[in-house]
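Dear colleague,

Please find below the structure I am handing over to you, followed by a short account of what was found in it.

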Amino acid sequence: MVAQVLETVLKTGKEAGFSTVEAFGEKTWRWESEGNEPPLAAHEVQSNRLLARAFRDSGDPSGFSLSNPDARLIKQYFSSLSAASGPDNKKNYAHLLPRSFAKTKLAIYDPEIEDWDETRVNELLEKIKESLVAFPGLKLKKYHFFRLLKKVYLANSHGFLAKYKKTHFQVQVAFMLRDHVLELSESHIYFSHFNPERLVARAANLLGALTAEPLPACGAELFVMSPEASVQMLKEFSSGLRLDPSGGKSRLIGASAKVSILDNPALAEQTGSVPFDDEGTAAEEKYLINKGVFVSAVSDIRSAFLKQKRSSGNGFRDERGIFPQVQFSNLYFKPSVASMADLLRVAGEGVLVYLVKLKGFGANPNEYVFSAHGYWFADNEIAHPVQFLFKTTMRSYFLRILEISRELRFFHNRFNIGSPYLLLQGRCDPEKKISI
């Protein structure tokens with residue numbers, strides 16, 4: 001049925017006078033459960049989207065989006081596009097849409113979602129509650145769980161036709177410790193990968209860091225960024241790793257020789273993974289930074305065409321947009337062979353940072369100001385919680401990374417971001433203002 005709808009889009013678009021047509025279909029089933037005690041409140045949402053992108057021989061593309069489409073609506077929308085689009089001699093990128101796709105096996109689908117037992121949601125809640133016993137004072141405030149099944153279909157008038165299906169399980173839990181409340185989220189392709197004990201321990205560490213004292217007098221400022229803190233920093237700086245045709249964004253042009261950053265949609269069992277992006281470009285591993293040297297920025301077909309480059313396969317549609325936009329899949333620091341304990345030993349003493357939050361910007365337009373919470377450490381032992389403000393630029397931050405550990409962890413927020421622990425060298429001025 002879906003294949004017939006895609007064929008109708010391509011055929012109708014051609015009949016309406018367009019030279020190249022792309023049809024993107026997405027069917028989703030989302031089941032949600034929430035509450036602190038069984039029976040949990042539950043509801044289900046289904047959607048069936050069709051998006052079309054149509055090119056003439058020259059000029060920018062036009063397009064439309066439909067829910068639950070039929071042949072009559074498709075013809076009506078193409079008639080409207082044809083009447084609205086005038087002559088334009090600007091060269092376009094229709095010829096760059098892919099013509100074929102090599103099938104690849106990618107572990108992004110959990111077959112258990114098709115034969116789901118709702119008691120598993122309650123069991124996960126009970127395991128989280130049981131894990132709270134190890135952390136006196138830590139309480140559960142909110143529990144929300146969803147499972148998502150998505151089926152994606154893509155075709156274009158060059159002969160491309162492909163599809164895939166993908167699962168996504170996510171739990172969002174709000175914890176409370178004394179007067180502090182923190183909401184955590186964990187996402188997996190496979191339900192069996194949830195680890196309630198680790199989730200609760202992570203909550204205890206993060207909330208414990210919020211009950212912090214100001215960082216004492218300046219000294220040799222060494223910081224170990226936890227994966228949670230590091231991915232937040234990488235997210236804030238990620239715009240510098242996208243290809244920007246206007247040239248208006250600050251771009252990362254170099255880093256410490258310890259740093260390699262990749263975007264890889266072909267990682268097995270990761271929530272950002274897909275066999276091809278929403279334009280049909282096949283998934284492949286790509287280095288954005290390799291041992292401190294900038295290699296390339298992620299792009300979709302449009303942005304790459306404007307810079308006379310090849311798309312990196314990062315063209316993805318969001319819930320509102322008709323056309324693909326540049327987006328990451330699995331963005332992460334390449335891990336090393338060192339352990340987190342090795343980083344603490346090298347540093348000797350410093351701060352293990354668990355939470356960072358963007359507070360604003362400094363006098364320099366490229367300077368960011370962050371608040372940080374973590375724990376003072378010395379001689380391989382974690383001591384009291386501390387808090388402080390620090391400022392940095394994207395360039396300075398990546399240049400000051402001294403070492404990277406092997407414990408790679410991913411966190412999903414719009415796209416999937418991963419990091420091990422990072423050891424950074426900071427500095428402190430006479431007014432006790434910390435810079436990295």
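A polar contact of 2.9 Å connects the side chains of aspartate 263 and asparagine 314; please bear in mind that the model is predicted. Aspartate 263 makes another side-chain polar contact, of 2.8 Å, with serine 329. This aspartate 263 belongs to strand E9 (residues 261–263) and is buried, at a relative accessible area of 0%. Leaving aside residues up to four places away in sequence, aspartate 263 also touches several others, including Glu284, Lys286, Val298 and Phe328.

Turning to the aromatic residues, the count comes to 30 aromatic pairs. One of them is the edge-to-face pair of phenylalanine 55 and tyrosine 93, with 5.3 Å centre to centre and 80° between the planes. Because phenylalanine 55 lies in strand E2 (residues 41–55) and tyrosine 93 in the loop between helix H2 (71–84) and helix H3 (119–131), this pair ties together parts that are 38 residues apart in sequence. Phenylalanine 55 is buried, with a relative accessible area of 0%, and tyrosine 93 is buried at 7%.

Phenylalanine 237 and tyrosine 397 form a tilted pair, 5.6 Å centre to centre with 50° between the planes. The former is in helix H5 (residues 227–237) and the latter in helix H8 (residues 394–399), so the pair ties together parts 160 residues apart in sequence. Ring pairs link Phe237 and Tyr397 into a cluster whose members also include Phe223, Phe333 and Phe398.

Finally, the charged end of arginine 147 sits over the ring of tryptophan 31, 4.1 Å from its centre, and arginine 317 lies over the face of phenylalanine 24, 4.7 Å from the ring centre.

With kind regards

Definitions and conventions:
Residues numbered from 1 in each chain as written. Predicted model: local features only at pLDDT ≥ 70, side-chain atom pairs only at ≥ 80, totals over all residues. Heavy atoms only, no water. Helix = DSSP H or I, 4+ residues; strand = E, 2+ residues; numbered from the N terminus. Buried < 20%, exposed > 50% of the residue type's maximum accessible area, 1.4 Å probe, protein only. Polar contact = N/O pair within 3.5 Å; in protein donor to acceptor, adjacent residues only side chain to side chain. Contact = heavy atoms within 4.5 Å. Phe/Tyr/Trp six-rings, centres within 6.5 Å; stacked < 30°, edge-to-face > 60°. Lys NZ or Arg CZ within 6 Å of the ring centre and 35° of its normal.
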